[in-house]
Amino acid sequence: MSAVFVGLPRRMVEVTLDGRQTRVPEGSTLLEACRQQGIETPTLCYLENLTPVNVCRVCVVEVEGSRALVPACSRPVEPGMVVHTDSERVRTSRRLVLELLASSVDLSLAGPEVERWMRSYGADPGRFGPPAPPRGAGERDRARAGEHLAPDGASAETVAQPAKVDNQSYVRDYSRCILCYKCVEACGVDAQNTFAIAVAGRGFDARISTEFDVGLPDSACVYCGNCIGVCPTGALMFKSEYDLRRSGAWDESRQTVTTTVCPYCGVGCNLELHVQDNRIVKVTSPLDHDVTRGHLCVKGRFGFPFVQAAPEKDESGLGPAGGE
Amino acid sequence: MDLRLGVGGAATEAERAAVDVVLGPPESGWEGGGRRPIDGHVAFGGRAARARRHLLLPALHALQDRVGWISRGGLDYVCTRLTVPPAEAYGVASAYALLRLEPGPTTVVHVCDDIACRAVGAESLCRVLERRYGPAGEAGNGRAAAWMRSPCLGQCDHGSAAFLQRAGERPRRRVVAPVDADLVGAMLEGRDPGPPGPDRAPRVRGDGSGLRLLRRIGVVDPTSLDSYRAQGGYQALRRALELGPAGVIREIEDAKLLGRGGAAFPTALKWRAVATSPVRPRYVVCNADESEPGTFKDRVLMEWDPFAVIESLTVMGFACGAERGYVYIRGEYPLAEERLRRAVEEARARGLLGPDVLGRGFPFEVEVRRGAGAYIAGEETALFNSIEGRRPEPRNKPPFPAQSGLFGKPTAINNVETLVNVLEILREGGPAFAGLGTAGSTGTRLFCVSGSVERPGLYELPFGVTLRRLLELAGCPRPGHTLRAVLLGGAAGSFVDPGALDTPLTFEGLRSIGASLGSGVVMPLDHTVDIADICRRIARFFRDESCGQCVPCRVGTVRQEELLERLARGRPLGSAAQETALLQDLGAVMRDASICGLGQTAANAIQSAVRLGLIGAAPAGGGRR
């Protein structure tokens, strides 16, 4: 039996969360402390396997002595902190953040949790007026810093625009993008080190972009799909899923998820194959898997067609190329 | 790093040459130079090239100045030289208003239509320009010149202002104020108005008790170190070297100096936190990215007393134990930049900067960095990111700059005015300095007075003077005019009522009426000014200048502008009460949940205007009272 290093013992820090005294390990964040106490804290830009960027501001909490609210996801606990997670100020800010996002971004694929938060905070995105008509393809990508068309106020500006479909692997539908920076982090320092995408532009015109908005085939993208894996709103999506959704055939209730090990190399990445009607429709990896932390490479993520290139129409027994 | 380069075509000779001036010639095939036999065996670049990432913005400037835009080939070449992913470099370039990413006119005249210029008729100038030269921003039919609307150019004491940006072999950047449509037209047609001569110093004013920070303005020759020394220059540095770092900080503590950039943080605390940090190297930074609409004090100091800025930064470096200081100056201040660069060179040549300052074994270097049109870069952590060659996005605090600032190292950063105060403190001693002003606000303050006044300009008065007294000095209200409100602190500040004129201008006095002096803007507006229009310009400003990182500010500033447009058009959504509630909510989330001061103050002025009844959510015509 070999020794396993379990880390140095951590000092405990005493903090007060919603009136309850609690002890949490030094260095943990307020979010971790809240979760340990069973206090639900909404998050959008936070993910366990990425560096917190604290930009969505939906996790803000009130710390006594601090002028503004602080993001729970990145703020480390300090001894004696007195924290309120459900004060009027916190509720107002969380409600407004959800309203602002929902009024400008298509959140319909952001999952049931977001819907539940919208209800529990009483968010009403319609307060800002009817959504403005979508922008044309590439229009938002050409926006220049420091300039914008004067609004008339009759409708609420949104990020709606046509989806970018420029390759066979995945689709970028930025009308669903909340600019959580997760894909940029996964493409860059937090996982893939490819840096094919970055945030470009400024203000409301900030967007995820390749250099000069070139298509993915002309960019540095290596199609690892780790950006899809971390996208919380369905802005980045397998082409297979996108096509099924468009044809109305996507049905999660008919899907099974099979965990397996990637067959390509010896690293041993866990794959979760999402299967509908006996076809693989997307591939994910568990966030808590020691090897992948949720991240895969192009082979594990997209290299599955061979599984289903089975001789459906080919009865010669010679494989996919047999007919020629 | 998966760099994919060379897809969009090669850089032209001109582009490469411009970049090479900043980065030096490429040393290997890896860096985009000629391919040598050894390049096939050994990789060059990598970590060493990435360590020069901070040269990204200067290299982008070089492209913009040479060819008028940043082409794919040009960007690729910079990326090759610095091993920066093109997507990131594009992200950086697209965050700045003065960098173009599509081919365009080589001459652009940016005409200020911001609040101060607006109050004296900038909009009518813009309408003339529209008639004569077409809509703002459109070069049209391949014309080589275009005019654009610009946020504040820091010339508020002159009336309308314009900033000429001309690319070419001999690039030109000039700010002219005052301008009229003819002068803008001449610049569009290729005229270079030239820099103002050393005799064109602005008139600075006090209340007769003697100028301190502004003492040398118009007296010294800003291009001559000897002239500066003849006026007592570099005495403060000698005094600092006698006192030692801890002694300097003690004097500043005794002086109770508070930061003049807007946050009013005790300067001594900042410096001491850096000076006592165990981490090295440390940095000191002079924040000269003065972009708050209505503010021009730092420009005047840098243009007309540049050695004072360099001397005080040297003192700061000495006190904080830093060997390198940066001055980050906004791109719209070409004259100030030129004079500072010249001052740095002259100081270096005379041993006042360099490996052994004044022969006392203290090494200190100063580097001047130019911004590229981003108000947000004046936020201290966004400024660090900008110097580092990253997007000018504010960082979350804590950690504060004193722990982790520029390049992740302990950094002290102060505004120009704050720094120049240090010279006064060393000249007369901390306690004497603290004797001036009030107990909570010591020393003097620079007030940038513009708007509806007879004598706009830069005023230096001891803290504690009342707003009424300052307005009297500036000639406000003008005869036959009725004062309606005073905008204090610029776009991020707030309106105060004429009823509050007896408030003493101190940090604590203004706090008690819910206002703040911010960067020292005092802009009285009388009945000739459409305050609703000023509010809409402020809303537009924040919509344009938000970095886009956090939701409250990115979307909140858009919704705020939309709401004001509805009010102006008399078409509220639902009832007036609903609109008021919406405005309150937007203010609350921006103030409470934004990452940085920009978002936290983006609703200030508008909310105060509503509180004072200057704009209202009345159903019809409520925006135009």
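**Questions about a predicted two-chain model**

Biologist: Let's start at the contact between the chains: with which residue does Arg89(A) form a salt bridge?
Modeller: Happy to look, keeping in mind that this is a predicted model. The closest N and O atoms of the pair are 2.8 Å apart, and a salt bridge is counted within 4 Å, so this pair qualifies. The partner of Arg89(A) is Asp592(B).

Biologist: What area is buried between chain B and chain A?
Modeller: The size of an interface is often given as the accessible area lost when the parts come together. Here 63 residues of chain B are in contact with 66 residues of chain A. Carbon and sulfur atoms give 54% of the buried area, and that area is about 5,300 Å².

Biologist: And which residues in chain B lose the most area to chain A?
Modeller: Three residues stand out, together giving 12% of what the chain B side buries. The three are Tyr90(B), Arg559(B) and Asp592(B).

Biologist: Let me turn to chain A by itself. Which stretch of chain A has a pLDDT below 50?
Modeller: Chain A averages a pLDDT of 93, and 95% of its residues score at least 70. One stretch falls below 50, and beyond near neighbours in sequence it has four contacts in the model. Where pLDDT is low, the predicted coordinates should not be read in detail. The stretch is residues 319-324 of chain A.

Biologist: What share of the residues in chain A is buried?
Modeller: The chain holds eight helices and 12 strands, and its C-alpha trace spans about 75 × 70 × 35 Å along the principal axes. Among contacts with a separation of 6 or more, 56% come from residues 24 or more positions apart. Of the 324 residues in chain A, the buried share is 54%.

Biologist: Is Asn54(A), with its positive phi, buried or exposed?
Modeller: Most residues other than glycine have a negative phi, yet the phi of Asn54(A) is about 40°. Asn54(A) is found in the loop between helix H1 (30-36) and strand S3 (60-63) of chain A. Its relative accessible area is 7%, so Asn54(A) is buried.

Biologist: What relative accessibility does Asn193(A) have?
Modeller: Asn193(A) has a positive phi near 55°, and it is found in the loop between helix H4 (182-187) and strand S7 (198-200) of chain A. Asn193(A) counts as partly exposed, at a relative accessibility of 33%.

Biologist: Over to chain B. What is the strand order in the open sheet of five strands?
Modeller: The pairing in this sheet is mixed. Strand S8 (354-357) and strand S10 (411-415) of chain B are the edges, each pairing on one side only. The twist averages 25° from one strand to the next. Read across, the order in chain B is S8-S9-S7-S6-S10.

Biologist: Why is strand S11 of chain B largely enclosed by the rest of the structure?
Modeller: Thr444(B), Leu446(B) and Cys448(B) are buried on one side of S11(B), and Arg445(B), Phe447(B) and Val449(B) on the other. S11(B) pairs in the antiparallel sense with strand S12 (residues 457-462) of chain B over six bridges, and in the parallel sense with strand S15 (residues 521-526) of chain B over two bridges. Strand S11 (residues 444-449) of chain B is largely enclosed because the number of its residues that are buried is six of the six.

Note on methods: Residues numbered from 1 in each chain as written. Chains lettered and ligands numbered in written order. Predicted model: local features only at pLDDT ≥ 70, side-chain atom pairs only at ≥ 80, totals over all residues. Heavy atoms only, no water. Pairing = 2+ DSSP bridges. Helix = DSSP H or I, 4+ residues; strand = E, 2+ residues; numbered from the N terminus. Axes fitted to C-alpha atoms, helices over the stretch in contact; angles between N-to-C directions. pLDDT = per-residue confidence, 0-100. Contact = heavy atoms within 4.5 Å. Buried < 20%, exposed > 50% of the residue type's maximum accessible area, 1.4 Å probe, protein only. Buried area = accessible area lost by both parts, 1.4 Å probe. Salt bridge = Lys/Arg side-chain N within 4 Å of Asp/Glu carboxyl O.
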